[in-house]
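Colleague: Could you walk me through this model, starting with its surface?

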Amino acid sequence: MNSTRSFVAALALAFSISAPAFAQRVASPQGSPGATRPIDGKQLPPPDQKFGGEIKDDALQSKPWWAPRVVPPKGAPNVLLIITDDSGFGVPSTFGGVIPTPTMDRIANEGLRYNRMFSTALCSPTRAALITGRNHHSAGFGVISEQSTGFPGYNSIIDRDKVTIGRMLKDNGYATAWFGKDHNVPAFAASQSGPFDQWPTGMGFEYFYGFIGGDANQWQPNLFRNTTQIYPFQGKPPGTWNLVTAMADDAIDYMTRMHQIQPEKPILIKYAPGATHAPHHPTKEWVDKIGAMHLFDDGYEKLRERILENQKRLGVIPKDTKLASWPADMLKPWEQLSADEKKLFIRQVEVFAAYSAYNDHEIGRVIQSFQDLGKLENTLIIYINGDNGTSAEGGPMGTPNEVAFFNGLNKLSAEVQLKWYDVWGTEQTYNHMSAGWSWAFDTPFDWFKQNASRLGGINQNMVVSWPARIKDKGGLREQFVHVIDVVPTILEAAGINAPEVVDGIKQKPIEGTSFIYTFDAKNAKVASRHSTQYFEMMGQWALYKDGWMLSTKVNRAPWEAFGPANPDPLNNQVFQLYNLNADFSQSTDIAATNADKVKEMRAQFLGEAKKYQVFPMDASVAARIVAPRPNITAGRTEFVYTQPMVGLPQGDSPLLLNTSYTVTADIEVPQAGAEGMILTSGGRFGGYGFYLLNGKPVWLWNLVDLKRVKWEGADTLAPGKHMVEFEFKYDGLGPGTLAFNNFSGVGASGTGTLKVDDKVVDTKKMEKTLPMILQWDESFDIGSDTLTGVNDADYKPPFALTAKLNKLTLKLDRPKLSPEDIKKFEGAMRAAADGPVSEDLTVVQKLEARFDKREDCRKQADAKKLGPIERIQFVKTCLQ
């Protein structure tokens with residue numbers, strides 16, 4: 001017995017195991033199972049350590065040795081990185097807004113407020129910059145992934161020489177997780193065929209719970225756990241399950257599990273809720289709370305004035321800050337609205353405000369869980385309000401369906417929209433508010449999301465707390481900070497070096513600047529260490545340099561996405577200049593009296609643009625949504641499926657827009673008859689369905705929930721084998737016209753024919769088709785319908801097909817431009833390049849009519865060897 005005790009004691013000593021070690025970690029000798037080590041972090045993963053034990057012929061004479069586990073430096077904090085969506089400077093109460101955000105208030109009061117945190121003006125680009133510490137073009141995200149093009153700054157691929165903060169911290173011993181929105185997976189890599197290296201789990205985040213893409217129905221999201229689609233809302237009554245709460249629940253569960261398993265291991269959580277991106281989907285409880293407050297009854301102009309007063313009172317902006325005049329030519333003043341418009345707009349904004357308040361509340365639950373676990377003291381919380389300014393993509397009238405905006409339909413009357421008044425914000429809408437509210441929520445700035453040259457698009461705000469480090473509680477920081485500064489700040493806080501080599505690949509330098517120096521009260525007023533920053537988004541651009549800001553004048557409102565683009569966005573601009581040190585809100589243009597400064601900063605922007613992959617600059621918007629990209633269906637004209645399959649995302653499925661196609665289903669109907677979905681893509685807010693309804697074949701196009709065009713057989717299919725076919729002949733020239741800055745080829749008419757066993761059972765013409773997208777948070781499904789259905793009046797998902805599907809075949813006959821078409825469009829595009837966008841690029845037919853005269857003027861300009869600006873002016877004068 002004693003010898004047994006001696007053996008156990010000796011064994012415990014050899015492996016450094018004792019009773020207290022299970023309860024609290026103590027330093028263990030190197031080579032023991034409990035040994036740990038921090039690394040310098042310059043090479044990831046760290047090189048394997050050489051075996052440090054001793055090997056003899058037999059184990060009893062040998063000395064075991066375990067490589068020490070990698071841990072972060074002592075004192076490294078937990079990190080909670082929060083970024084909300086489409087939320088301007090004047091939204092949260094923390095910065096003078098009327099929407100209550102007590103969680104953000106709490107962090108501000110326990111830490112610091114920042115009033116010069118900058119974004120890129122758009123979702124994916126800001127998020128790519130946030131997680132890599134590099135500028136958005138450097139990280140491949142000059143635009144959102146759904147608009148990617150085949151250039152390094154725009155391909156939506158974060159290259160392996162720019163690893164994320166998730167990978168950096170994971171390899172240094174952190175637990176890493178990502179909750180909510182991921183808009184950084186290329187649209188062509190979002191299917192279950194992968195590759196998954198651009199998903200969160202492939203970029204250093206060990207756990208992911210959220211959605212892939214720009215937006216999500218919060219009631220029925222396209223939701224993933226890691227890379228597996230999940231449906232936790234199924235079977236729940238409408239309005240009872242919401243992703244805003246569900247992701248908070250999942251984050252709390254995750255951090256609790258991590259704490260119970262290994263309490264000393266720090267965690268990084270990227271927390272990225274869909275709020276307040278459209279659709280605005282709060283719970284009824286929050287809509288009722290906000291509605292009872294009557295915050296918006298006076299209209300958006302009064303709201304703007306009230307927010308400005310609050311901001312000055314709180315001291316988060318200078319007392320002399322000015323507001324730009326209300327853009328009455330673009331957004332109708334409140335007093336000019338009809339009674340119906342006022343009623344509708346108040347409903348729209350109350351739902352938006354409820355969504356924002358609800359989101360802040362759920363963030364509060366996550367933060368409280370850090371406190372409940374005893375981790376808040378050493379947790380760095382970075383809470384960024386918005387990845388860009390407030391969105392105006394609903395247009396001046398707002399919309400019950402954001403998918404309509406992306407198809408050029410964003411001016412529905414109040415009379416039409418009031419049909420959705422009682423269900424606004426529920427699962428029946430994909431809603432967005434009037435741009436008048438968006439302008440007000442960007443107070444004290446002007447313009448919106450997408451506008452990279454205006455502070456309303458790029459000047460966010462942020463609160464930061466870290467109780468163990470930040471002692472200047474409630475302090476204000478006014479230094480220039482950009483989202484690329486977050487990664488180096490986290491690294492400095494953790495005491496971790498930016499890696500030089502990862503997986504054998506030399507890393508590009510971090511382009512941001514740590515703002516940890518601002519945590520100390522003694523540095524509250526020191527100059528920003530981030531002195532120069534460019535901005536560019538869809539042809540609008542700016543340069544910040546030591547308080548000066550050169551901006552291009554806005555030449556396109558965000559909802560104006562379907563016209564020909566500025567062909568020379570680098571030069572064909574009106575330039576404005578501001579001194580932000582004296583003009584906080586960018587209200588006074590001083591370009592006219594500072595021509596040399598304008599010239600100097602234009603040259604500086606050119607240098608930055610070359611350095612960070614901004615070229616080739618492209619001002620197109622909607623055209624890039626249907627631009628060619630490496631969709632796994634690219635180049636294929638025939639697709640064959642032999643069994644049910646669901647969940648294929650839009651970016652990886654056959655696209656039936658702007659093309660002729662034939663869909664043929666070889667099915668067998670059982671003796672009892674059949675019903676159910678054969679094929680569908682999209683959902684309630686835009687898409688198509690091919691199904692059996694009461695035994696009869698149906699093809700239906702849902703035109704963004706405004707109209708449904710239906711082909712239907714008159715007779716029930718008899719038991720046995722049948723060939724059911726839908727053929728569509730498209731009348732347009734196709735998306736090839738977009739390469740010539742021309743939209744005439746998309747959204748054209750076409751004729752559809754439904755056949756059963758080669759017999760025509762229905763035919764009709766569609767005068768207009770969807771030009772750009774289906775509902776992109778839904779999927780391409782065969783044999784049943786996931787998430788929402790394309791026609792609630794006919795069926796409810798999943799509507800599984802009860803016939804046997806032998807084979808489903810899709811054949812595409814994509815239009816091709818003829819040599820004559822190409823010649824015509826090339827001529828029109830050349831003519832357009834010689835004239836000002838606002839005057840001569842609106843209708844291609846006008847350009848063609850004046851082509852001969854333009855050619856003559858263009859030749860004269862060539863002979864004079866004029867520069868770009870002088871050339872434009874000469875040609876304009878020549879044509880008069």
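Modeller: Happy to. The protein exposes about 34000 Å², of which carbon and sulfur atoms supply 53%; accessible areas come from the Shrake-Rupley method with a 1.4 Å probe, and for residues only the protein chains shown count as cover. Please keep in mind that this is a predicted model, where local features need pLDDT of at least 70, side-chain atom pairs count only at pLDDT 80 or more, and totals for chains, interfaces and linings use all residues. Residues are numbered from 1 along each chain as its sequence is written, and side-chain values use heavy atoms, with hydrogens and water left out.

Colleague: How many helices and strands does the protein have?

Modeller: Both are DSSP runs numbered from the N terminus, helices being H or I with at least four residues and strands E with at least two. On that basis the count is 20 helices and 32 strands.

Colleague: What is the radius of gyration, and what does the globule rule give for 880 residues?

Modeller: The radius is taken over C-alpha atoms, and the rule is 2.2 Å times the number of residues to the power 0.38. The C-alpha trace spans about 100 × 85 × 60 Å along its principal axes. The protein is as compact as a globular protein of that length, because its radius of gyration is close to the value from the rule: 29 Å and 29 Å.

Colleague: What share of the residues counts as buried?

Modeller: Buried means under 20% relative accessible area, exposed over 50%, and partly exposed in between (1.4 Å probe, protein chains only). Of the 880 residues, the buried share is 60%.

Colleague: Is F179 buried or exposed?

Modeller: F179 is found in strand β6 (residues 175-182). Not counting residues up to four places away in sequence, F179 touches residues including Y207, Y209, M247 and Y254, where contact means heavy atoms within 4.5 Å. Its relative accessibility is 0%, so F179 counts as buried.

Colleague: And A324, which residues is it in contact with, leaving aside its neighbours within four places in sequence?

Modeller: A324 has its place in the loop between α8 (300-314) and α9 (339-372). With 26% relative accessibility, A324 counts as partly exposed. Its contacts beyond those neighbours are R304 and D446.

Colleague: Why is strand β12 largely enclosed by the rest of the structure?

Modeller: In a regular strand the side chains alternate between the two faces of the sheet. Here both faces are covered: N459, N461, V463 and S465 on one side and Q460, M462 and V464 on the other are all buried. Strand β12 (residues 459-465) is largely enclosed because its buried residues number seven of seven.

Colleague: Which residue of β12 is the bridge partner of L112?

Modeller: Two strands pair if DSSP finds at least two bridges between them. Strand β5 (residues 112-118) pairs with β12 in the antiparallel sense over five bridges, while strand β11 (residues 379-385) also runs antiparallel to β12, joined by five bridges. I382 stands opposite V464 in β12, and the bridge partner of L112 is V464.
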